[in-house]
Amino acid sequence: MSTIERSAALYNPELAPESATNTWKTLNLFNWWMAGWHSMAGYTMAIGLFAFGLNGWQAIIAFIAGAIILYWANNLTGVAGQREKVPFPVFARAAFGVFGANIPAILRAIVAVFWYGIQTYLASAAVMILVMKVAPGTTGLAEGTFLGLSSLGWICFLLLSALQWAVLLSGLETVRRLTDFAGPTIWVAVLALAVWMLYRAGWTIDLSAVTTAEVPSGARQVLGIASAAFIVAAYMAGPSLNFADFTRNAPSESSVRRGNALGLLINASLFGIVSVVIALAAAEVYGDATHDLVHLVADIDNVTVLLVTIIAVAIATAGVNIICNFVAPVYDLINIRPGLFTFRRAGTLVAVLAVVVTPWNLFSSPVIVNQLIGGIGAFMGPLFGIITVDYYLLRRKHLDTESLFTDRPDGLYFYRGGYNPRAIVALAIGGVVALLLTFVSAWADAVPFAWPAGILVGGLAYWLLHTGRTVRIVPDGQEQPAAAATAEAPAPTR
């Protein structure tokens, strides 16, 4: 590692490798994934898979396939974070340039702020139900709206926002302890709700039933399963991109891989199965599988089940919100202005912005949520492709972390004025393709494939733009690793 003087425009103690704690072990990362999946938005995404004309078995297969895709993707970003010990926006400086990394940071921050607001709103809606059932006198506060939300809704939403803000301000170690508690806690709520719904359905569900009016043909069913699998993967596109924010604190690569295996291959698959069971039980009870958790919880007339479910859902939603949607924009803001933002200041701004976007006006149905996920994929896919191609294929897992913190013109990652034009061009190419797949109505069937298409096109464009060009592995004047030396020069053509 070089000894380059760090620039004040790029350095903040919370971004530096030495701030990594090595405390996020296999169990912690397993709980991270538990907290990440088990939320009201996660359930809404899961039941949205039935919109592809799938039956219960097919929805389960699609969910497991999506979990496998995510396992592969998060091993790439997670291991890279553990090796280099820096959060995502600093890691992105290698590909985009020390200042160009603000582009992916801003994109990821915008996505995270919107999701943070939506998750907070969903949890507050469940809390509001509990408040009205425990204290019926508050029902009057639920009448009338301001900016689309009732007075009681505002109270519950702002209260949960404040609690999450307080947790984040306590630091990442508090976040780790919260996920260790929140991850298992949500299983209590999900299993309680599953048992309750199965009881109401007479303990029978039909896993071969199709909840849509039209049963698709064989070819359309295969397309539907593939589409659903990539929707599941795209649901975690944002957290997968900035997974390094957490794995930088892992003690070893093996702990990251084991945590991913337990949290994705096992836990996520089980969550998908239980979600399908709840949805099909809801279809038996209501004649429609697309009831969100707020609706199902509101219909619980057993006070004990209601209390356990809502408390668990509120705690778990706070956990998933902080790890998936709060930490990422905080690091992104610090990266943009290291001298201005601290963890506390950035966290406060994120909390305020999540209120300003009035997330309850964004959230309405599983179909809209899945379309939003497709839109997220349009931005996250090319970024994932570019950053992983840069690290694994061009640099062969060799970064000079000190060079990530210098803005000297001869710096390894300074490129042109601090920006890498090739990364920006590749992002534009991949982004345009993914956006077209997402929003052109004639290509509606391609929406679920926006995320993988963005990865493929963005990563391939970045690779091709470097064809025949030498990629510097270490600063000038230093001896590069032998493995990197052979990888640096382009292979001779025949």
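## Spaces inside the protein

Let's start on the inside: this structure holds 3 cavities of 30 Å³ or more. Keep in mind as you look around that the model is predicted. Rolling a probe the size of a water molecule over the atoms shows where empty space is left.

The largest cavity contains about 130 Å³ of space. Its lining is made up of 16 residues, and W115, Y235, P239, C324 and N325 are the ones nearest its centre. Helix 6 gives the most, with 5 residues. What kinds of residues line the largest cavity? There are 11 nonpolar, 4 polar and 1 charged.

## The chain as a whole

You will find 19 helices and 0 strands in it. Of its 494 residues, 58% count as buried. The chain exposes about 19000 Å², and carbon and sulfur atoms supply 66% of that area.

How do parts of the chain meet? Among contacts with a separation of 6 or more, 85% are between residues 24 or more positions apart.

## Pairs of opposite charge

Side chains of opposite charge can pair when their charged atoms come close. In this model the count comes to 5 salt bridges.

One of them joins E402 and R6, with the closest N and O atoms 2.7 Å apart. This pair links distant parts of the chain, 396 residues apart: E402 is in the loop between helix 16 (366-394) and helix 17 (421-439), while R6 is in the segment before helix 1 (26-37). Is E402 buried or exposed? E402 counts as buried because its relative accessibility is 9%, under the 20% cut-off. R6, at 24%, counts as partly exposed.

Another salt bridge pairs E253 with R83, where the closest N and O atoms are 3.3 Å apart.

R395 forms a salt bridge with D390, and their closest N and O atoms are 2.8 Å apart. R395 is buried at 3% relative accessibility, and D390 is buried too, with a relative accessible area of 2%. Elsewhere, salt bridges that share partners join R6, E18 and E402 into one network.

Notes:
Residues numbered from 1 in each chain as written. Predicted model: local features only at pLDDT ≥ 70, side-chain atom pairs only at ≥ 80, totals over all residues. Heavy atoms only, no water. Helix = DSSP H or I, 4+ residues; strand = E, 2+ residues; numbered from the N terminus. Buried < 20%, exposed > 50% of the residue type's maximum accessible area, 1.4 Å probe, protein only. Contact = heavy atoms within 4.5 Å. Areas by Shrake-Rupley, 256 points an atom, 1.4 Å probe, with all protein chains shown as cover. 1 Å grid on protein atoms, 1.4 Å probe; cavity = no way out; pocket = protein on both sides within 12 Å on 5 of 7 lines; lining within 4 Å. Points joined across faces, edges and corners; volume = space filled by probe spheres on them. Nonpolar A, V, L, I, M, F, W, Y, C, P; charged D, E, K, R; others polar. Salt bridge = Lys/Arg side-chain N within 4 Å of Asp/Glu carboxyl O.
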